Amino acid sequence: MYLLRKVPIRPKLMIIAMSASGAALVLAVLAFLCYEWLVFRSGMVENLLIHAAMVSENSAAALTFNDPVSARQTLRALNADPHVTAAAIYGPDGKTFARYQRRDLSGPFYPPPVEMDGYRFEAGSLKLFRAIRPGGEFAGTVYLQSDLGAMYTRLRRYCAIAAIVMTVSTLLAYLLSSRLQTAISRPLSQLAKVVRVIANEKDYSVRAARQSEDELGELIDGFNGMLGQIQSRDLALEEAREGLENRVEERTRELRLEVAEREKAQGELIAAHQQLVQISRQAGMAEVATGVLHNVGNVLNSVNVSANLLFDHVQQSKASSLTRVVALLGEHQHDLGEFVTSHPQGKHVLALLKALDEQMAAERAGALQEIKSLRANVDHIRDIVSMQQSYAKLGGVREEIKVTDLVEDSLRLNAAALSRHRVEIIRDYQDVPVINIDKHKALQILVNLLSNAKSACVESSQREKCVTLRIVNGEARVKILVSDNGVGIPPENLTRIFGHGFTTRKDGHGFGLHSAALAARELGGSLNVHSEGPGRGATFTLELPLDLADRGGIHTC
Ligand SMILES: Nc1ncnc2c1ncn2[C@@H]1O[C@H](COP(=O)(O)OP(=O)(O)OP(=O)(O)O)[C@@H](O)[C@H]1O
Ligand SMILES: [Mg+2]
């Protein structure tokens, strides 16, 4: 079977047909030969039995009369059958009475020991014993031996005939199968050809022709049906592919358009963003400017107070009395000595001049104090303006400063307003390291907090107005706490007060805390508020980082 796998269908069919018919023929011939052999064997036995009957009949008298010569003559009659090779007659005692041997046999013949009735094929010969019973009484035994030459001759003849029959029938089978196999091999070969065409050319339109009404016909019909299905699916696929390509092209076009639109939109977005950045920057600058104006405004309040004080000093100055004394002395310049010593008015001039001198010295000291405060406020205004310039340059100047100095500076800047409203200041400073910071920003925060604390105290009904300033050493941070016992803050406002423009004050703007919180964040710190509620004061905590060296600069809006 394995060898047949690679043989083409045509020779394969012929081999199958030939081997089937050959095997059947061989079997038939073998059966025939076996049958013939068996029949011939029984024929031989029968023939030998006839010879034995004839010998026993003719030798019965010789045995009775003990005449071996007559017995030998009887045996000699077996000459007539050339296949009887030897024969013997035994007496009743089992001894050889007479024997016969074919003339052409070489060597003497020794009869075998007597046996019961029977026969057997042995060593290429048939051997037969038969009892001699004339009148039913045992008189002896006859032994016959025949060769199988006749059987072999006949078998040889049959074999020759079988060979001829097989040759002729094989030839016939070959001729018949070579013609008949086309009924199977032709449609199959055609089918194989169609399959090759389809495989090579991918052409599903070819069809195999149906040539018979049997299973092969059905196979070809089924095959053609499948081809039809494949062809229609192929067509559908082709159409789908074309449709898909069209859709892909269409989608690609759409996507290109979308991408172009997106790029355009992105461009517009970038432009809008830049515009926005510009606007925010301007807005930021505006906010900074508002903050600056607000802070300048805060300081200007103090400047105004100082200027009013100076104005009052000048108005109430005793310098006018000096003018009157000078005029009086001018009228009496010719009799100045007499006037000073004897005139009732002139006698008081010296005392008056002394009192005026003392008065003016005191006035001068007060004016100097106010001028000093004015100068400090003007300095702060200058600092605020320069801070705005540093904002404009997007960068602040950091400097090392003691936190207590920072807090004291802020107090000094608010000193006039605080003392005017009789606000008591309590200081509670812990030792903290020097910080490296944009001083003006920090100062601006504290000035705002103090100004708000003062306002909260002024607005409250508290008799003892008090602001407490604490410096606390935190973990890697320094905390500056500004507490007051003023109006306090309702809980709902705690988160709103840092919003730009939120104010509860009539003359307020709502800029102070917003800019302070922003500034605190820019310094890397934070600004928080705590209040127990209305009437219970408020505490603002400014936290500043101690180690600013690692921050790599200060962020500005
Ligand atoms: N210490 C305080 N006690 C109670 N309320 C306060 C305190 N500080 C601020 N506030 C509240 O927060 C609001 C906002 O303060 P912020 O400093 O931002 O603005 P403002 O003081 O009202 O006006 P301005 O911009 O002129 O300073 C105030 O109006 C006030 O209601
Ligand atoms: Mg304020």
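Asparagine 452 has a side-chain N or O atom 2.8 Å from an oxygen atom of ligand 1. This is a polar contact (a pair of N or O atoms within 3.5 Å). The model is predicted: local features need pLDDT of at least 70, side-chain atom pairs count only at pLDDT 80 or more, and totals for chains, interfaces and linings use all residues. Residues are numbered from 1 along each chain as its sequence is written, ligands are numbered from 1 in the order in which they are written, and side-chain values use heavy atoms, without hydrogens and water.

Threonine 503 also reaches ligand 1. A polar atom of the threonine 503 side chain is 2.5 Å from a ligand oxygen. Leucine 513 uses its backbone instead: an N or O atom there is 2.8 Å from an oxygen atom of ligand 1. On its own, ligand 1 has 580 Å² of accessible area (Shrake-Rupley method, 1.4 Å probe). The protein covers 95% of that area.

Now the shell. It holds 21 residues, each with a heavy atom within 4 Å of the ligand. Among the closest are His294 and Arg505. By class, ten are nonpolar, nine polar and two charged. Helix H10 (439-459), helix H11 (512-522) and strand S12 (538-545) each give two or more residues. H10 gives the most, with three. Helices (H or I, at least four residues) and strands (E, at least two) are DSSP runs.

Next, the salt bridges (a side-chain nitrogen of Lys or Arg within 4 Å of a carboxyl oxygen of Asp or Glu). The count is 22. One joins arginine 102 to aspartate 147, with the closest N and O atoms 3.5 Å apart. Arginine 102 lies in the loop between strands S2 (96-101) and S3 (118-122), and aspartate 147 in strand S5 (residues 140-147), so the pair ties together parts 45 residues apart in sequence.

Conventions:
A polar contact is a pair of N or O atoms within 3.5 Å; within protein, one must be able to donate a hydrogen and the other to accept it, and residues adjacent in sequence count only if both atoms are side-chain atoms. Ala, Val, Leu, Ile, Met, Phe, Trp, Tyr, Cys and Pro count as nonpolar, Asp, Glu, Lys and Arg as charged, and the others, Gly among them, as polar.
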